[in-house]
Amino acid sequence: MASPMVATPVQLRTSTGRLSFSSSSPIAARRRFGAVRASAETMATEKLGIRVERNPPESRLSELGVRQWPKWGCEKSKFPWTYSAKETCYLLQGKVKVYPEGHGEEFVEIAAGDLVVFPKGMSCTWDVAEAVDKHYNFE
């Protein structure tokens, strides 16, 4: 005869603190932990060579020293740009469609709250739909 399943308390540590719940099986606990872990991390995506991290936590911005970086801004406009060095920027305000050269009409849209990394050597066109204010850092 199979032994009965007994609820076992499980504690998990995440980057945001400790969560505690009961689970009827180790598999269920792993499933729950995976869901908690995915929701606790900032989601970053990469498209057309541009890495975008949407709404990173203040702790991430502090870790990078973003608030001490220089600032740059522009009004609604459209212009070509080539990155002579890798740039990481954090948009304080604005909305932009970035069209990397060689990708036709494909674009990456970035907006206020995005932490963005552009690779060294990328040529693109910035189509600024809403005035931009950003912190930036070249490496």
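Does R67 count as buried, partly exposed or exposed, and at what relative accessibility? In this predicted model, R67 has a relative accessibility of 38% and therefore counts as partly exposed, since that class lies between the limits of 20% and 50%.

## Surroundings of R67

R67 is placed in the loop that links helix 2 (58-64) with strand 5 (71-74). When neighbours within four places in sequence are left aside, the residues in contact with R67 are E58, L61, Y90, L92 and H135. With one of these, E58, there is a polar contact between the two side chains, at 2.9 Å.

H135 lies 68 residues from R67 along the chain, yet the C-alpha atoms of the two are separated by 7.1 Å. Two of the contacts of R67, Y90 and H135, also stand opposite each other, with H135 in strand 10.

Strand 7 spans residues 87-100. Ten of its 14 residues are buried, so strand 7 is largely enclosed by the rest of the structure.

Strand 7 pairs with several other strands. With strand 10 (123-138) it runs antiparallel, and twelve bridges join the two; the position of Y90 opposite H135 belongs to this part of the structure. Strand 9 pairs with strand 7 in the antiparallel sense over four bridges, and here E87 stands opposite F118. The pairing of strand 7 with strand 8 is likewise antiparallel, over four bridges, and V96 has I110 of strand 8 as its bridge partner.

## Nonpolar cores

The largest nonpolar core comprises 19 residues, and those with the most contacts inside it are I50, V98, I110, V116, F118 and W126. Two or more residues of this core come from each of strand 4 (50-54), strand 7 (87-100), strand 8 (108-111), strand 9 (114-118) and strand 10 (123-138). Apart from this core lies another, of five residues, which include V66, W69, Y90 and L115.

F118 illustrates the links within this region. Not counting residues up to four places away in sequence, F118 touches I50, Y83, A85, K86, E87, C89, V98, I110 and W126. Among these, I50, V98, I110 and W126 are also listed with F118 as residues having the most contacts inside the largest core. E87, another residue touched by F118, is the one that stands opposite F118 in strand 9.

Technical notes
Residues numbered from 1 in each chain as written. Predicted model: local features only at pLDDT ≥ 70, side-chain atom pairs only at ≥ 80, totals over all residues. Heavy atoms only, no water. Core = buried A, V, L, I, M, F, W, Y, C linked by side-chain atoms within 4.5 Å. Buried < 20%, exposed > 50% of the residue type's maximum accessible area, 1.4 Å probe, protein only. Contact = heavy atoms within 4.5 Å. Pairing = 2+ DSSP bridges. Polar contact = N/O pair within 3.5 Å; in protein donor to acceptor, adjacent residues only side chain to side chain.
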